Amino acid sequence: MKQHPAAIFLDPEKCRGCGLCMEICKRGVMEFREEANACGCRPVTAVHPEKCVLCGLCVAVCPLHVISLKK
């Protein structure tokens with residue numbers, strides 16, 4: 001049975017680009033965006049959502065609670 005990739009939702013306008021989610025994710029799901037948001041920060045985006053195993057560590061470590069996961 002084929003597993004569907006996880007849906008990772010990040011609010012790019014609230015993200016301050018601290019990178020904690022990227023540091024804790026050992027699967028390389030997220031990277032910084034090239035363009036800055038309205039606050040001048042480079043937010044994180046999920047570039048490889050197919051690698052996500054829904055562990056929730058990125059959600060737990062985000063200080064601004066801008067990440068959510070949905071199977």
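Thr 45 counts as partly exposed because its relative accessibility is 23%, where buried means under 20% relative accessible area, exposed over 50%, and partly exposed in between, with a 1.4 Å probe and protein chains only. The model is a predicted one, in which local features need pLDDT of at least 70 and side-chain atom pairs count only at pLDDT 80 or more, while totals for chains, interfaces and linings use all residues. Residues are numbered from 1 along each chain as its sequence is written, and side-chain values use heavy atoms, with hydrogens and water left out.

Thr 45 lies in strand 3, which covers residues 44–46. Leaving aside residues up to four places away in sequence, Thr 45 touches Leu 10, Val 29, Met 30, Glu 31 and Arg 33, a contact being heavy atoms within 4.5 Å. Val 61 is 16 residues from Thr 45 along the chain, and the C-alpha atoms of the two are separated by 15 Å.

## Fold and dimensions

The chain has two helices and four strands, and from the N terminus on these elements run β-α-β-β-α-β; helices (H or I, at least four residues) and strands (E, at least two) are DSSP runs, numbered from the N terminus. Among contacts between residues at least 6 apart in sequence, 48% join residues at least 24 apart.

The radius of gyration of the chain is 12 Å, which agrees with the value near 11 Å that a compact globule of 71 residues would have; this radius is taken over C-alpha atoms, and the globule rule is 2.2 Å times the number of residues to the power 0.38. Along its principal axes, the C-alpha trace spans about 45 × 20 × 20 Å.

## Nonpolar core

Buried residues make up 25% of the 71 residues in the chain. The largest nonpolar core has twelve residues, namely Ile 8, Leu 10, Cys 15, Cys 21, Val 29, Met 30, Val 44, Cys 52, Cys 58, Cys 62, Val 66 and Ile 67; such a core is a set of buried Ala, Val, Leu, Ile, Met, Phe, Trp, Tyr and Cys residues joined through side-chain atoms within 4.5 Å.

Within this core, Cys 15 touches Asn 37, Cys 41, Pro 43, Val 44 and Val 66, not counting residues up to four places away in sequence.

## Loop residues

In general, most residues other than glycine have a negative phi. Leu 54 is found in the loop between strand 3 and helix 2 (57–61) and counts as partly exposed, because its relative accessibility is 28%. His 65 is placed in the loop between helix 2 and strand 4 (67–70), and its relative accessibility of 66% is why His 65 counts as exposed.

Glu 34, in the loop between strand 2 (30–32) and strand 3, is exposed, with a relative accessible area of 70%. The C-alpha atoms of Glu 34 and Leu 54, which are 20 residues apart along the chain, are separated by 25 Å.
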